Amino acid sequence: MKAPTANLLRILRRNCQHQLRPLSTSCARASGHNKWSTIKHDKAKNDALKNKKRSVFAHELELASKLGGANPDDNPHLARVLAAAKKAGFPKASIEAAIMRGQGIAPGGSQLESLRVEALLPPGVAVIVESLTDNKARTLQELRLVITKTHNGQLSPTKYLFDMVGRVAFKPAEVDLDTALEAGLEVDGCLDVESQDGRIVVTTEPPATKVVADTLARSLELEVDELDMVWVPKDEVPVADATALQAAIAELNNHSAVQGVYTNAAGP
């Protein structure tokens with residue numbers, strides 16, 4: 001057998017290099033792409049975590065200001081939340097806006113006003129939307145657009161289908177339901193006490209909500225997590241497919257002025 005000539009060796013070497021080059025290039029691309037995807041994924045997770053923390057601080061500051069006043073020197077709970085928010089790097093402007101909102105004041109200094117919108121959403125579900133805004137006409141127009149144009153609903157009186165009650169949710173603590181029930185029975189205006197997701201939740205007569213919250217917080221050594229006036233349906237309406245209804249509620253809740261959306265749709 002003849003030995004390969006010099007020309008043949010050169011051709012074989014060139015072909016091998018040509019075949020190997022794409023493999024090396026492809027691997028480099030895949031590695032870079034995976035690294036970039038990982039960075040984007042981690043950044044999205046970190047951003048979501050930061051936004052959640054900011055939302056929690058804003059809620060805590062607003063509630064503390066609402067319950068105990070806007071001066072941290074006279075409001076120990078506000079002082080504690082304020083210190084934690086500053087330590088976590090919560091922006092000063094956001095801190096001030098949350099505290100002012102708790103006092104019913106918009107960031108620009110104008111007084112916030114309550115706006116209630118009553119409506120019917122397909123398939124015949126009654127809705128009450130409660131808002132706090134510095135421009136009632138603008139907010140009404142925006143909510144009407146969401147209800148009537150986007151989700152085929154209509155503005156209509158629905159308040160008569162609900163009862164308004166106070167609702168106080170306390171932060172999770174080592175207090176059992178029986179102990180909370182006994183304490184609630186001693187407080188005028190307390191209508192019901194239950195446990196939800198590890199929290200003690202109290203229903204009250206509307207005028208007595210803050211008194212009940214303060215009394216139980218002291219007697220049971222609890223901290224208020226939420227305090228609101230809510231609408232409870234007198235009767236619930238079954239909904240076969242709630243997909244469209246849930247989309248409408250989600251869009252209403254995403255409006256910056258909306259404080260709560262209440263329906264008489266039966267739960268799953």
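This is a predicted model: local features need pLDDT of at least 70, side-chain atom pairs count only at pLDDT 80 or more; totals for chains, interfaces and linings use all residues.

Biologist: Okay, what share of the 268 residues is buried?
Modeller: Buried residues come to 33% of the protein chain.

Biologist: Let's talk charges. How many salt bridges turn up in the whole structure?
Modeller: The search finds eight. One of them pairs Lys171 with Glu60, with the closest N and O atoms 2.8 Å apart. Lys171 is in the loop between strand 4 and helix 5, while Glu60 is in helix 1, so the bridge ties together parts 111 residues apart in sequence.

Biologist: Is Glu60 buried or exposed?
Modeller: Buried, because its relative accessibility is 11% and the cut-off is under 20%. Lys171 counts as partly exposed at 24%.

Biologist: What does Arg167 pair with?
Modeller: Glu226, with 3.0 Å between the closest N and O atoms. That pair also links distant parts of the chain: Arg167 sits in strand 4 and Glu226 in strand 7, 59 residues apart. Arg167 is partly exposed at 21%, and Glu226 is partly exposed at 22%.

Biologist: Which residues make up the salt-bridge network around that pair?
Modeller: Arg167, Arg199, Asp225 and Glu226 are linked in it.

Biologist: Where do Asp214 and Lys210 sit?
Modeller: Both are in helix 6, four residues apart, which is about one turn of the helix.

Biologist: Switching topic: where's Asn264, and what does its side chain reach?
Modeller: Asn264 lies in the segment after strand 8. Its side chain reaches the backbone nitrogen of Ala126 at 2.9 Å. Asn264 is buried, with a relative accessible area of 4%. Beyond its sequence neighbours, its contacts include Leu161, Phe162, Pro233 and Asp235.

Biologist: Last one: what is Ser110 in contact with, leaving aside its neighbours within four places in sequence?
Modeller: Gly104, Ile105 and Asp134. Ser110 and Asp134 are 24 residues apart in sequence, with their C-alpha atoms 6.5 Å apart in space. Ser110 itself is in the loop between helix 3 and strand 1, and counts as partly exposed at 34%.

Technical notes: Residues are numbered from 1 along each chain as its sequence is written. Side-chain values use heavy atoms; hydrogens and water are left out. Buried means under 20% relative accessible area, exposed over 50%, partly exposed in between (1.4 Å probe, protein chains only). Helices (H or I, at least four residues) and strands (E, at least two) are DSSP runs, numbered from the N terminus. A polar contact is a pair of N or O atoms within 3.5 Å; within protein, one must be able to donate a hydrogen and the other to accept it, and residues adjacent in sequence count only if both atoms are side-chain atoms. Contact means heavy atoms within 4.5 Å. A salt bridge is a side-chain nitrogen of Lys or Arg within 4 Å of a carboxyl oxygen of Asp or Glu.
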